[in-house]
Amino acid sequence: MPTHSQQVQRTLRAPHAGQALHTRAADVLAANWTGTSTVPSRGLYPHQWSWDSAFIAIGLRHLSPLRAQTELETLLSAQWGDGRIPHIVFNPSVPLDAYFPSPDFWRSSTAGRAAGAPRTVQTSGIVQPPVHALAVWLVHQADPGLSRSRGFLARAYPRLAAWHRYLLHRRDLGGGGLASVVHPWEQGMDNSPTWDAPLSRVTPAPARSFRRADLDHGAAEDRPTDLDYGRYVRLATDYRDGDYADGTGEFAVEDPSFNALLIASEHALARIAQELGATATARNARAERLTAALVERLWDPAEGMFFCRDVRAGALVPERSVSGLIPLLLPTLPRDIAATLVRTARGPHFEVGGAARLVPSYDLLGEAFDPHRYWRGPAWFNTGWLVERGLRQHGERAHADTLRTALLETADATDFAEYVDPYTGEACGALGFGWTAALTLDLLHQQPFDDHDISNVFGMSDQGGERR
């Protein structure tokens, strides 16, 4: 008798079933398209978000490589002079009260003047995870002829190189070679318990000083608390009032996911450089140095997990979040560490392939675990996609196939929900969510990998380096 998982895989492989899911995912992206970029959600997130657009472009490449290129070009055109890519590019046609913090809070064109903020578009002043070079490379691969004819890589490369320089120099706040985030929103997993200890030092802004637009679209019990939100606002206000200068704030954290994505994007930049006729040696060497620094500074062998480092306290934050599994993406991660991470992912704290339907965002056994509250337990599709890629990267094909099936099944059943209960798959947050639909498309288009293709899950099999 076939197992339930095998039955689901057969269903999803059936041409009519896969085509129906493909069509529905494409419809979501069409509904969220503004003409130059894709909003994550028309109601809750009505602007362009940085890492959302990178993931969306990865899915869009299967529908329209031109639209995927435009998505990324729109984002890159809002880059600041110091190299940072802002986490939000605001649509001027959206009312100010539709989202908070709005453009009049960030004041990018004035407070960001010294850092080279653009004058013709309003943005936020913080950043998000650097998955962009990886997205650019994958979009190029979808239609190399179109990419070359438009000069896509030639125009994107200097902007991506400046973005990485900013992170590797301005944001090396711990002095150990890794990039730090200066706000929980920058890491993308906004409300994770990982931030509780570093945030406890931050005096919250008074509740009366801001209005939370997110509560108009989501249940309060599923969103960050007012206390936490007050701390987010305080950090952002202080950063803005300091003209967005780095290194002076109370919050500075080296995060494993953020840095793993930076390393993956360094590998991608090496491939882009090669495509443009330049040498990739320095970028490959930099990716190797960053991988070594990641292991040295954030790996805890006793716990079998990567943890965040609180730069201000000078110590690891012993909270298990999905961020600590994302380094599985890295092709030259030492073999023993990769094997340990797989055991951790499948163990009682995450139950990937076990009791959990999808990868929980936080430790199932942690005191702060909540299956519905934003990043404190629910499963998200982008992190599930990253873990699936990581499992495949290190030869865990059966586990990757199981997770892929669960991701597709859950996206189908929840109408592309923003996030879900990791046990039941119950939809939470917004429906018709951009990156859920986009990454569904990417998984549907995923080709089977033979053993010799394992290191090529991102099309980067020849970047060099040995897994130790």
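**Figure 1. Glutamate 266 and arginine 283, a buried pair in a predicted model.** In this predicted model, glutamate 266 and arginine 283 are both buried. Their side chains meet in a salt bridge, with N and O 3.1 Å apart. Because glutamate 266 sits in helix α13 and arginine 283 in helix α14, this pair ties together parts that are 17 residues apart in sequence. If you are wondering what lets such partners find each other, side chains of opposite charge can pair when their charged atoms come close.

**Figure 2. Helix α13 packed against helix α14.** Let's step back to the two helices themselves. Helix α13 covers residues 256–275 and helix α14 covers residues 281–298; they pack at an angle of about 165°, and their axes are 8 Å apart. Angles over 145 degrees count as roughly antiparallel, and α13 and α14 are therefore roughly antiparallel to each other. The crossing of α13 past α14 is left-handed. On the α13 side, the contact is made by Pro256, Asn259, Leu262, Ile263, Glu266, His267, Leu269 and Ala270. From α14 come Arg283, Asn284, Arg286, Ala287, Glu288, Leu290, Thr291, Leu294 and Leu298. Sorted by class, the contact of α13 with α14 has nine nonpolar, four polar and four charged residues. Glu266 and Arg283, the partners from Figure 1, are among the residues making this contact.

**Figure 3. Serine 257 in helix α13.** We stay with α13 for this view, as serine 257 is found in that helix. Serine 257 counts as buried, at 1% relative accessibility. What does serine 257 contact, leaving aside its neighbours within four places in sequence? Look for Gln187, Met189, Ser323 and Ile326.

Figure 4. Arginine 24 lies in helix α2 (residues 15–32) and aspartate 412 in helix α17 (residues 397–413), so the pair ties together parts that are 388 residues apart in sequence. In total, the structure holds 23 salt bridges.

**Figure 5. Arginine 392 and glutamate 388 within helix α16.** The side chains of these two residues meet in a salt bridge, at 2.6 Å from N to O. Arginine 392 and glutamate 388 are four residues apart in helix α16 (residues 381–393), so about one helical turn separates them. Buried means under 20% relative accessible area. Arginine 392 therefore counts as buried, at 2% relative accessibility, and glutamate 388 is buried too, with a relative accessible area of 0%. Which residues are linked with them in a network of salt bridges? The network consists of Glu388, Arg389, Arg392 and Asp401.

**Figure 6. Leucine 199 and its contacts.** Our last stop is leucine 199, placed in helix α11 (residues 196–199). Leucine 199 is buried, with a relative accessible area of 2%. Not counting residues up to four places away in sequence, leucine 199 touches Pro184, Arg231, Tyr232, Leu235 and Phe251. Take tyrosine 232 as an example: leucine 199 and tyrosine 232 are 33 residues apart in sequence, and their C-alpha atoms are 8.4 Å apart in space.

Technical notes:
Residues are numbered from 1 along each chain as its sequence is written. This is a predicted model: local features need pLDDT of at least 70, side-chain atom pairs count only at pLDDT 80 or more; totals for chains, interfaces and linings use all residues. Side-chain values use heavy atoms; hydrogens and water are left out. Axes are lines fitted to C-alpha atoms, for helices over the stretch in contact, and angles run from 0 to 180 degrees between N-to-C directions. Angles under 35 degrees count as roughly parallel, over 145 as roughly antiparallel, 65 to 115 as roughly perpendicular and the rest as oblique. A crossing is left-handed if the near helix is turned anticlockwise from the far one by less than a right angle, and right-handed if clockwise. Contact means heavy atoms within 4.5 Å. Ala, Val, Leu, Ile, Met, Phe, Trp, Tyr, Cys and Pro count as nonpolar, Asp, Glu, Lys and Arg as charged, and the others, Gly among them, as polar. A salt bridge is a side-chain nitrogen of Lys or Arg within 4 Å of a carboxyl oxygen of Asp or Glu. Buried means under 20% relative accessible area, exposed over 50%, partly exposed in between (1.4 Å probe, protein chains only).
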